[in-house]
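Dear colleague,

Please find below the structure that I am handing over to you.

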Amino acid sequence: MSEHQSSGVHIASVKLLLTVWVGLMFGTWLTVSASNVDLGSLNIWVGLAIATGKAMLVGLYYMHLRWDKPFNAFIFLGAFFFLFLFIGITMMDSAHYQPALIPGYAPGMGD
Amino acid sequence: MTEHHNADGHDPNLAHHFESTEQQFQASKLGMWVFLATEILFFGGLFTAYSVFRSNHPEIFIFGHQFLDKNLGALNTVILICSSLTAAWAVRAAQLKQIGMLKLMIALTMLCAFGFMGVKAVEYNSKWKHGLLWAGKYDPHDEDHAAAEAGAAGTEAPVGGAQEAPDSEVAEGSPSVPPADAERSAISPAAEGPSGLASPSTTGEDEHEVAIEPANAQIYFSIYFLMTGLHGIHVLGGIAAFAWLFVCARRGFFDSGHFTRVDMVALYWHLVDLIWIYLFLLLYLVD
């Protein structure tokens, strides 16, 4: 079937599907283990990095993005880019006024 | 798809406004990816709310996450990952016209989805029983600690209402236990005394366990229910979509190798899985 495939149709082998599954299970184990290690404020970033690794496994292989037209990946990543802007700019705004709103919790107010 | 035109020059699965099945398939896929992008932004508002509240009030999240069962969350993560495997396998089966395998994989995916909702129901039920609900409905109570709660009600009420009496290991060592206990010495343990080595612990055994309820703890539960609730609705939608695929498979719709529908539903399902990966991290594994 695959010899006369045109672009966009990729049939994932069972081996690949199972390998990705093992990777995702390992990632889950790693996330839970990492959350039990105290890394201070680094914990959340380690967790997000592992979660993003898992998301990439799902996106590239289960969602076929690796073999898909790049434009689909572009749309998908575009959504994440706008989400990044949404969260980033909101956080910048919040960081500016929030210290003034919490009594006794204004580390940046002195200067 | 590769299925080319029939002898009469007409593929029943090809809509007349498309030039080829290949073009039709790519158009469907493009539309699906645009839909998934809107889904990410749909959840994005909640992720933004989460980021703002967590960065400004981390204590609310450290307090709230103690009431979630990490093991149940991990179990649901495993269930969803398994369902992603079966969904991806269903696409492969449809591509190869393995209809029996396709039906099996659709059924397994639905089974996982029901399992996920079952675990979720157990979790929601325990939150409901303890009054750990969204703002407005937030009224934490615990039958086992009703007495301690009654004693604590008079000693501190700056939080504007009910004193938290969480799981037993959290409640022990809480300063909310009235010191009027006759068995208890008024002198601090040596290690915590005036010349002791350790600084007095006011938050329980573990420095990460916050036994005192911070102000506005209900915000955590509002965010928890909104995010997992919206995700749960998506899981229900996924169950409906897979049920539809199963009916299609039974009616022989996929016998010709026209697998677009399976592919699109699987893409949706993978996104639901992907969002859960982040929800599990952000709501259950706060530390």
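**Contact between the chains**

In this predicted model, 40 residues of chain A are in contact with 40 residues of chain B. On the side of chain A that touches chain B, at least two residues come from each of α1 (14–36), α2 (42–62) and α3 (70–101) of chain A. The most is given by α3(A), with 14 residues. Sorted by class, this side of chain A has 24 nonpolar, 14 polar and two charged residues.

**The largest nonpolar core**

The largest nonpolar core has 79 residues, of which A90(B), Y220(B), V262(B), V265(B) and A266(B) touch the most other members. Both chains take part: α1 and α2 of chain A each supply at least two residues of this core, as do α1 (21–56), α2 (58–64), α3 (70–95), α4 (99–129), α7 (218–250) and α8 (260–284) of chain B. The largest share is that of α8(B), with 19 residues. Leaving aside neighbours within four places in sequence, A90(B) is in contact with L102(B), M105(B), I106(B), T109(B), V262(B) and A266(B).

**Helix α1 of chain A**

The 23 residues of α1(A) reach 34 Å from the first C-alpha to the last, close to the 33 Å expected at 1.5 Å a residue. Buried residues in α1(A) are V20(A), W21(A), L24(A), G27(A), T28(A), T31(A), V32(A) and S35(A). Their cover includes α2 of chain A, and also α3 and α8 of chain B.

**Two residues with positive phi**

H64(A) lies in the loop between α2 and α3 of chain A. Its phi is near 65 degrees, a positive value in a residue other than glycine. H64(A) counts as buried because it has 22 C-beta neighbours inside 10 Å, where 20 or more are required.

K97(B), in the loop between α3 and α4 of chain B, is also not a glycine and has a positive phi, near 60 degrees. K97(B) has 16 other C-beta atoms within 10 Å and is therefore partly exposed.

**Confidence**

The model scores ipTM 0.85 and pTM 0.77. Chain B averages a pLDDT of 77, and 72% of the residues score at least 70. In residues 1–7 of chain B the pLDDT is below 50, and this stretch has 17 contacts in the model beyond near neighbours in sequence. Residues 146–208 of chain B also stay under 50 in pLDDT; for them the model has 61 contacts beyond four places in sequence.

With kind regards

Note on methods. Residues are numbered from 1 along each chain as its sequence is written. Chains are lettered from A and ligands numbered from 1 in the order in which they are written. This is a predicted model: local features need pLDDT of at least 70, side-chain atom pairs count only at pLDDT 80 or more; totals for chains, interfaces and linings use all residues. Two residues are in contact if their C-beta atoms, placed from the backbone, lie within 7 Å. Helices (H or I, at least four residues) and strands (E, at least two) are DSSP runs, numbered from the N terminus. Ala, Val, Leu, Ile, Met, Phe, Trp, Tyr, Cys and Pro count as nonpolar, Asp, Glu, Lys and Arg as charged, and the others, Gly among them, as polar. A nonpolar core is a set of buried Ala, Val, Leu, Ile, Met, Phe, Trp, Tyr and Cys residues joined through C-beta atoms within 7 Å. A residue is buried if 20 or more other C-beta atoms lie within 10 Å of its own, exposed if 12 or fewer, and partly exposed in between; C-beta atoms are placed from the backbone. The expected span of a helix is 1.5 Å times one less than its number of residues. pLDDT is the predictor's confidence in each residue, from 0 to 100.
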